[in-house]
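Here's a quick briefing to get you started. Have a look at the structure first, then read on.

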Amino acid sequence: MTNVQPLEPLTILIAEDSAADRMLLSSIVRRQGHEVLTAANGAEAVEAFRFQRPQLVLMDAMMPVMDGFEAARQIKALAGETLVPIIFLTSLTESEALARCLEAGGDDFLAKPYNQVILAAKIKAMDRLRRLQATVLEQRDQIARHHDYLLNEQRVAKAVFDKVAHSGCLNAPNIRYLQSPYALFNGDLLLAAFTPAGDMHVLLGDFTGHGLPAAVGAMPLAEVFYGMTAKGYGLSETLREMNAKLKRILPVDMFCCATLLCLSFQRRSVEVWNGGMPDGYLHSIASGERTPLTARHLPLGVLSPQTFDDRTEVFPMAVGDRVFLLSDGVIDTCDANEQLFGVERLQRVFAANRRPDQLFEEIEQALRDFRGEARDDVSMVEVSLLEAAQLSPPALVYSDSGQSCPLDWSVSFEFRAATLKRFNPLPYLLQLLLEVHGLRAQSGALYSVLAELYSNALEHGVLGLDSSLKRDASGFTRYYQQRNARLDELQDGYVRVHLQVAPKGEGGCLTIRVEDSGKGFDVDRVMARPLDGARLSGRGVSLIRQLSRNANWSDDGRSARVEFFWEALA
Amino acid sequence: MSVVTEVSPDGQKLTISIRGRFDFAKHQEFRESYEHKQLSAVVVDLKDATYLDSSALGMLLLLRDHAGGDDSDIRVVNSSSDVKKILAISNFDKLFDIS
């Protein structure tokens, strides 16, 4: 293509000590349409170059004052990145001398006496090279500018996103995580927040693709996650909402693989939903066993709200047990032969691990050994189960003044089968109760008790599940399988919730009554058990008795009643 | 060509074969392979596909959408064990007939 381009006139410097040769060459070059500058020795040539910046130089090798070799070196240094072709004019014939011309920075040479045709061809060829170099430099600078621009955009987007994403509790003492600072632009997302009851929700997500497109979905996802977690919604409702939102806003080929956890420190269990992420692992410290938390679902944003599957799995945990999640950057790391790191290699790292706190470093080291370099799209998080008392969920912030606090009222709800299947009334009940300012200081206990009363009424009452199933780990799993199955088949039954708020002196009293349509239970036998938290089963009742006042059961266990009191507000 | 298409003699079935890495670089070619065709049944042949990333999964979703969404008839065949693992993690067997 360049061949057919008409030659643009160039400014050409001719450095030649013989006046006759100089004149001859000048007239040849002028006749070819170029402008000519002349110099009688190397030093003059360097000066001429410095001030007039010719685009090409014809340089005699042997000249007084400064020879062509030194002049070539100096001119190349002055030219910097720009290509200024230098063609040596020489009567030298030994190959060593000709090689010296090129070593000094010459690009070509032309033997004396001059052949006009060859000279014209060489000037043309050098001009092509010169332009190619100029184009490359220009494009390089353009790419660099675009790159700076992109980095700046990412910096701004990240700053905004960090404000949204880090409103959570990633700094809680039981969370360890590793993420590249720009993980967001690899589509990786890590969120964590406390529920009102003091449970912890954790999300590790991975959007399709890279760059800004991968980052845009993160914002709405984070908002749903934090908003619904803070209001007391469970994993299922939060998942349904996140899926519906992503399905609505993302193009068809974009989705978000995600694992969502709910760690309950009081119930000592973890609830898991995994859509399209690599296996996570529940590491039991006592047995050393690692239970895989396998993807059972399509990623978020693929299925319509009608077909989305929000079913979760629940596993028991002991204090000190850990849940480990990772992004596909870990197992999809390729070596030079396109071999994947894979799950087996990861499990060998697990097996070799002696100090749990070193696990991340050991995985990173294994990836480096495998690939030869580190990757920047690897995300890992490990959450451990602590004693509930070791964690302090942040106090909720309320924006109202408290002047319109309702103090004397009661309300009753009846939730029937079709509602019990899919609806979680707890966030609404809690919102309602937190209108009462006196109750806000104990919102955690209030929510926990309400949640236990409701799930007891639903699971043991309406669904007739036997809590003794939860004695061991396999029974635990069976229990939650049965829960899902019976809920799917549920035709009738109800849970009634009565709330009554009454002023009492300077403070007040809340009475909660929860009734169910189930068979009831042997109240005396359950009450005779010691108040301990170590067993997997029956923890609900002892939790309720510890967190509320005057807890009692009537109507053969079908009706539970508890009270909460508050003193005058400061 | 790394994306090859073939229509069955009766014109009912479109076969799309992928060669090499099935990733974002194939986006254009893959879309062109089905875009202007009447699709009743589609077979995606991954016999020569070495790797599949999440943007390839996205491309499969686009194909599914184009072929009628829930009413589409798409079979993904001849996946290697690595590719099968990726499809299994994503639970894409719930949307596609994978063998």
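Two strands pair if DSSP finds at least two bridges between them. Strands (E, at least two residues) and helices (H or I, at least four) are DSSP runs, numbered from the N terminus. What you see is a predicted model, where local features need pLDDT of at least 70, side-chain atom pairs count only at pLDDT 80 or more, and totals for chains, interfaces and linings use all residues. Residues are numbered from 1 along each chain as its sequence is written, and chains are lettered from A in the order in which they are written.

**The sheet in chain A**
- Chain A has an open, antiparallel sheet of 5 strands, running β7-β8-β9-β10-β13.
- At the edges sit β7 (188-194) and β13 (313-316) of chain A, each pairing on one side only.
- From one strand to the next, the twist averages 15°.
- Strands β8 (200-207) and β9 (256-264) of chain A share 8 bridges, and L204(A) has T259(A) as its bridge partner in β9(A).
- Helix α7 (218-231) of chain A packs on the sheet and touches β7, β8 and β9 of chain A; contact means C-beta atoms, placed from the backbone, within 7 Å.

**Domains of chain A**
- An automatic or database assignment sets the domain bounds: domain 1 is 2-137, domain 2 is 166-327 + 377-390, and domain 3 is 409-566.
- Taken over C-alpha atoms, the centres of domain 1 and domain 2 of chain A are 67 Å apart.

**Where chains A and B meet**
- Chain B and chain A each put 16 residues into the contact.
- On the chain B side, β3 (41-52), α2 (54-66) and α3 (81-89) of chain B each give two or more residues.

How values were computed
Axes fitted to C-alpha atoms, helices over the stretch in contact; angles between N-to-C directions. Contact = placed C-beta atoms within 7 Å.
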